[in-house]
Amino acid sequence: MNEIITTKKMKELDECIERNKMKKGPLMPTLQDAQRIFGCVPKEVQEHIGKKLNESYAKIKGVVSFYTMFSTKPKGKHIVGVCTGTACYVKGAQKLVDKVCEVLKIPYGETTKDGLFTIAPTRCVGNCGEAPVVMIDEDQYGRVTIDQIEEILNKYK
Amino acid sequence: MNKVKVKINEQFVEIDHHLTILEAAKELNIDIPTFCHDERLNPTGSCRMCVVEVEGARNLMTACSTQVRDGMVVKTHSTPVIEARKGILELMWANHPNECLTCEKAGNCKLQDYSYQYDIDPDSLYPRLDSRKYFDDTNRFYTLDSRKCILCGKCVQICAELQVNGAIGFEDRGIDTRISIKQNEEPTDGVIDPYTCVSCGNCVNNCPVGALMPKSKEKFRNWEVKKVKTTCPYCGVGCQFELVVKDNKVVRVDPVKGGTNDGLLCVKGTFGYKFINHPDRLTHPLIRKNGEFVKVSWDEALDLIVEKIKETKDKYGANALAGLSSAKCSNEENYLMQKLVRAGFGTNNVDHCARLCHASTVAGLATTLGSGAMTNSISEIDGTDTFLVIGSNTTETHPVIGSMIKQRVKKGAHLIVCDPRQIELAKMADVHLQIKPGTNVAIANGLMHVIYQEGLYDIDYIDKNTTCFKDLIEVIKDYTPARVAKICGVSENDIIKAARLYAKVNKAAIYYAMGITQHSHGTNHVKSMANLALMTGNVGKESTGINPLRGQNNVQGACDLGALPNVYPGYQAVTDVNIQKKFEEAWGVKLSNEVGHTLPIMMNDASNQDIRLMYIMGENPMVSDPDTNHIKKALTNLDFLVVQDIFLTKTAELADVILPAVTYAEKDGTFTNTERRVQRIRKAVEPQSDTRPDWEILTDVMKRLGLKADYKTVEDVFNEITSLTPIYAGFDYQRLNENGMQWPCPSNDHPGTKFLYSDGFTKLGKAIFTPIHFMGPKENPDHDYPLILTTGRTLYHFHTKTMTDRVEALKQTLPNNFIQISLNTAKQYQINHNEFVLVSSRRGTSKAKVQITDTINDGVVFMPFHFADGANMLTNPALDEICNIPELKVCAVKIEKC
């Protein structure tokens, strides 16, 4: 955990907390900041945020474990999301998911050993016209077929 | 209040418009099933079990969270309702293990009861889900089995809204959702982390199913037990609970709703009963023969005691005898002890450990207001606008009152905490004045200075109710915030802010404890509190007042019943000829009008051999009193020492005769709690072995001394008390039976007194302002002893641990004597967290485990007083001149590596 939590990152988080404190609901934006800064929100960070915002750990843990955008373990450098919303699902998204798992050799939801990719469970991304959709970080790929998967992933290696 | 008319199942009811359908149905004795509902919580409607049909509504409505409307027509048991409830139960059952056969909750489980009531088929249409497999047994007192959880969320709410701890939450989402509890990860050593479980068990006591269960080795079924309502034997809150008994053994504690604690308990109340059947209990009278304790008969032990009493009295006079009564024992037993000493020994040398805790309160408030007790009631916390909690670590020492204050603060009340440590309450306070130990008078004067300068005092109240205000102004004018900030080590602005928060609201209440009283000028500290409250008109009104929190279950009662050297029961002076005559007539003997010696003076007398015989009931001065070495010398110097207790305490080890008494669970009687409420205790189990209740033992001794003592039951003793004690005159067991009653209660048609001085200060005419200058503690840090030691209590132990040390889980939670120290101070001495160090004062040395913490200032250290050879090896026996309370809160120490 030592590499994840550094003094520098903690300082950045504290600055965010100070800014967020002014807002009406400071917890969500702070957790989002933490996720961005650390790449995850480990227990120590949750406790730290709890102390600073005077919020119970039980509640913070509840929020972190509820939303898929937060994770307690570090995510990979690139987040691979195969949309499994209704439209994409109908258009064969499950087969794409299976292919991604096969290529990256990890189960759904996990991170590759080299820390390069995480397969993130993904619901509708709002681009149903292009179904099935695959997202890698902020990039979207539409009408993806199984054959294209390896090629797309290779771009990020 | 708007009333509305509602029709439920063809019956009409007229009720307040802000009530719910559930409450309306209750009026009509219609039972609607619930899992998550509790009348103390905000309704969430999360379990859906209480759904009802409301005419005109599209869906079924949850009765617990739907307010009534005029003309509403409700059906609570129609076919759609029954079908819906069945559906809910079937879904719950599909994800709940079929273990009723072995589940300890059986017979007390709502899921089981409703499943039976609604004819649920155990092999119902839904496939078994069994999604939750989480089992948490990390807590020492209870387990969480999430397989049995129905996710009603009651525990989450109770922890957040009632206990106000927030340690419980929901974790994960969807089908994987489960309850998770933030537990302490290491042995706590008394550290209370915020938002972490404090094992109060309030969630366990309210779980409707078998998910949260107390850890217990006892096998029992809920239909095999009997329940006996009684009063908790720990702190002064006086929580009401039921002892659950099987085969003459207490197997569980269930809180009682309504009344003093309204269903809340702390870790000691819920789980701290196992000492009752502990194998260490004293079982037979013991006499020391050739240095060894030998089992003897009661006759032999009592005959010896009586012989020694007579012999000592003949040889050295009555004042060579003394008795120590007990704040743990009942009112009746305290009455008998002081009667034994006064009528049997012929001296007023009777005292008890209130001398070490609230003697200064009794002295300080009686002379300024008229009565030395908490002015207001626990239930009034819910109306207070600003709390000033000073010298009280309430959430640990009086946990249920602490929770009630937290509840009120959550609702918007202000909180000022004044304490040398950043205690739990300080974390939610508007202002925390982290003063140097022993500077209470300065801070009070500083607050009054600001209040006076800003014109925030209540001049009408002062004119009408008080005297000597001018004298007060003369003194407080010199206590500018700047000067006080310097004396106390706090910021000027915080003083000003606190003064405004306290004085500007309508109802401000002071809550204090040992941080105020245990000083060599303790009486003055108390009087300062009175000044502050009087100046702002905060005495004699609901939800205000000066509220000394009494530490032990019956320390208020022990004082009330005259276990003090200067007064008979009901604070009637021993020097008053008429009073003396009254008691002489009642008891049929001549009595002394000479004020007896206080506990610390008795100890001096004993070491000088001016006192030769001491009878100690349920007290442990070898641990509780300051300067243990001095106490040991005193007690070993006695010719004859009788100790009556339930365990072989450090004090009992020095005795010549030990008499085995019974615990609170094995006897009847009454305790008086901190709010002056006299409450019943009731026998739940038969006394073990050859033990006897204290009142029976004392009666026997009295009879053998030739005194009149024809008490067949303990109620006979109580009736004698009421006949001689005006403040208790209107009580009898029948009237006390339900919820107890609060003194003063002068006659049997008087309802008891919720808060004092509502009709002004009738006893003194007017309340008296006492101008007080700040004087520091007697011992200050210097070159040889550079640190200030302050002492106190912790959540997991009680007093000298006689009981809590025999509850394994409590003992494990806080096994070691510890010392809290700041990071800087620790660095200065090059000591590490969890290292053992030697702490020394001019009087002795103690070993303690280091806790480095950011809750204490540099140069100040804290130790609990529970441990033998602990803090009281070090404390300073310097006495307050007025009331003889020792300065347990401040002394100078040094630290060395082991």
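**Packing of helix H21 in chain B and related features**

In the predicted model, helix H21 (residues 599-607) of chain B packs against helix H23 (residues 628-637) of chain B at an angle of about 60°, with their axes 7 Å apart. Helices (H or I, at least four residues) and strands (E, at least two) are DSSP runs, numbered from the N terminus. Axes are lines fitted to C-alpha atoms, for helices over the stretch in contact, and angles run from 0 to 180 degrees between N-to-C directions. H21(B) and H23(B) are therefore oblique to each other; angles under 35 degrees count as roughly parallel, over 145 as roughly antiparallel, 65 to 115 as roughly perpendicular and the rest as oblique. The contact is formed by B:Met603, B:Ala606 and B:Ser607 of H21(B) together with B:His630, B:Ile631, B:Lys633, B:Ala634, B:Leu635 and B:Asn637 of H23(B), where two residues are in contact if their C-beta atoms, placed from the backbone, lie within 7 Å. By class, this contact has 5 nonpolar, 3 polar and 1 charged residues (Ala, Val, Leu, Ile, Met, Phe, Trp, Tyr, Cys and Pro count as nonpolar, Asp, Glu, Lys and Arg as charged, and the others, Gly among them, as polar).

The buried residues of H21(B) are B:Leu599, B:Pro600, B:Met602, B:Met603, B:Asp605 and B:Ala606. A residue is buried if 20 or more other C-beta atoms lie within 10 Å of its own, exposed if 12 or fewer, and partly exposed in between, with C-beta atoms placed from the backbone. The elements against which these buried residues pack include H23, strand S16 (321-324) and strand S26 (613-617) of chain B.

H21(B) is followed by B:Gln609, which lies in the loop between H21 and S26 of chain B. Phi of B:Gln609 is near 60°, a positive value in a residue other than glycine. B:Gln609 is partly exposed, with 13 other C-beta atoms within 10 Å. A positive phi of about 70° also occurs at B:Asn834, which is not a glycine; B:Asn834 is partly exposed, with 14 other C-beta atoms within 10 Å.

Between the chains, 9 residues of chain A are in contact with 11 residues of chain B. Of the side of chain A that touches chain B, the largest share, 7 residues, comes from helix H4 (residues 57-66) of chain A.

Residues are numbered from 1 along each chain as its sequence is written, while chains are lettered from A and ligands numbered from 1 in the order in which they are written. In this predicted model, local features need pLDDT of at least 70 and side-chain atom pairs count only at pLDDT 80 or more, whereas totals for chains, interfaces and linings use all residues.
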